[in-house]
Amino acid sequence: MNNQEIVQKLWNLCNVLRDDGITYQQYVTELTYLLFLKMMKEQGTEAVISEGYRWDDLLKQEGTDLKKYYQRLLLELGNSGNVLLQQIYSDASTSIGEPKNLEKIIKSIDALDWYNAKEEGLGNLYEGLLEKNANEQKSGAGQYFTPRVLIDVMVELVAPQIGERCNDPAAGTFGFMIAADRYLKNKTDDYFNLDPKEAEFQKKEAFTGMELVKDTHRLALMNALLHNMEGRLEHGDSLSTNGDWLKSFDVILTNPPFGTKKGGERATRDLTYETSNKQLNFLQVIYNALKDNGQARAAVVLPDNVLFEGGVGAQIRRDLMNKCNLHTILRLPTGIFYAQGVKTNVLFFTRGQTDQNNTKELWVYDLRTNMHSFGKRNPLIHTHFDGFIKAYNAKERSKVEDERWNVFSREEIGKKDDSLDIGLIADESLSSYANLPDPIETAEEAIAKLQQAMDLLNEVVAELRALEAQEVVK
């Protein structure tokens, strides 16, 4: 039995819990509590767990005694002296009301083919579960789960190196950092023969992150653990003073959450430009957290409104282009995230050695116009990015013959209030205003405002869904 089959079996167990009113998100959290115990046994690392509260102890219990014991176990592990156990089981409680359902899940987990699971990698198995959860719209998880193929493309193009400090300030389930670690292991000859200092750095310092949502942070910790990664992974708000440690990174890869802060609240960190737009605040945090050595770089997923929002938005884009070489924007196709109506992009930039005039020209690739509609039945795959990757890596970008690939000078961008809503192919179905001819400038403005209103509405809907999902989890 391979990992994909094991994931499907674990996922099907959720059907057992339907009568208990368990959501998919609650189920994955519940599975995390149980899988941690089982995987500690499989890895021979149960010593961190107090005797009497390990997997085999759980297996011995039945009926109502099992339910009572399981509740004690969660409380015990949440109060453990071990930091990792504390974080995984902090405020843990079970949502499973029927003892026989809990017993069935425990015994089903124990009966799975764990030998083959270990051969394929327990981390890969857990990632499969997280992906399954994200693809299930009822869970509300897809809003923070970036498609793995997009993560892999971003990592491939940013190309982290051994010894570099990588970070995700909106870590989600830690997918970007795990992909970066996997990339280095695949690309580095004799990776597992690094000298002890390098190996220790890669395991404990190279990959870090911060995540706001407690249950998501719990999943991220489990994900990192199963991939043998022990870098700093904080629970907290990167836009608050808790995120002051986010600085001096070589690489940042992230997909910040959509929407605005609750009640129009501003970030509490000391940022140059104040706004309630979370993405604009994250953007400031990101480019200011890069080392100013001319080599530190980032790839960030951001919605369209970041590209054209006026006022403070224009000031932040100007600051970005001064401090960094914003060399590439990828206009992503629609339908690849849970919040279906949100149009997104990937910004690629490198921090300069000075804080002025680092962006000279910007290349934009349109992977949105005249693309198929993506979703469960037509997923995004790596070959969809072939044209973009070829253009991105070209030694002479100007020689690339691709109608989707266009360049704009800093002067051209400045004439449009530093709007980056550019580079979309003119097409009858095009809803963006950027490529309309100049004579109908008033129509451009009207369409821009309409587009902005639609994007903001979609963000509000996405945030309401997220809040609803969080309330259900609570």
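Start by selecting residues 344–351, strand β7, together with strand β6: seven bridges join the two, and they run antiparallel. Strands here are DSSP E runs of at least two residues, helices are H or I runs of at least four, and both are numbered from the N terminus. Two strands count as paired if DSSP finds at least two bridges between them.

Before going on, a word on what is loaded. This is a predicted model, in which local features need pLDDT of at least 70 and side-chain atom pairs count only at pLDDT 80 or more, while totals for chains, interfaces and linings use all residues. Residues are numbered from 1 along each chain as its sequence is written, and side-chain values use heavy atoms, with hydrogens and water left out.

β6 and β8 pair in the parallel sense over four bridges; isoleucine 329 has valine 364 as its bridge partner in β8. Next, show the surroundings of residues 324–331. Seven of the eight residues of β6 are buried, so this strand is largely enclosed by the rest of the structure. Buried means under 20% relative accessible area, exposed over 50%, and partly exposed in between, with a 1.4 Å probe and protein chains only.

Move on to helix α2 (residues 24–43) and helix α4 (residues 63–78). Their axes come within 12 Å and cross at roughly 80°. Axes are lines fitted to C-alpha atoms, for helices over the stretch in contact, and angles run from 0 to 180 degrees between N-to-C directions. The two helices are therefore roughly perpendicular to each other, a label for angles of 65 to 115 degrees. Which residues of α2 and α4 meet? Select Glu30, Tyr33, Leu34 and Leu37 in α2, then Tyr70, Leu73, Leu74 and Leu77 in α4.

From there, jump to leucine 225 in helix α12 (residues 214–226). Beyond its neighbours within four places in sequence, leucine 225 is in contact (heavy atoms within 4.5 Å) with Phe36, Met40 and Leu84.

Finally, colour by pLDDT, the predictor's confidence in each residue, from 0 to 100. The protein averages 85, and 84% of the residues score at least 70. Over residues 138–144 the pLDDT is below 50, and this stretch has 19 contacts in the model beyond near neighbours in sequence.

Methods: Angles under 35 degrees count as roughly parallel, over 145 as roughly antiparallel, 65 to 115 as roughly perpendicular and the rest as oblique.
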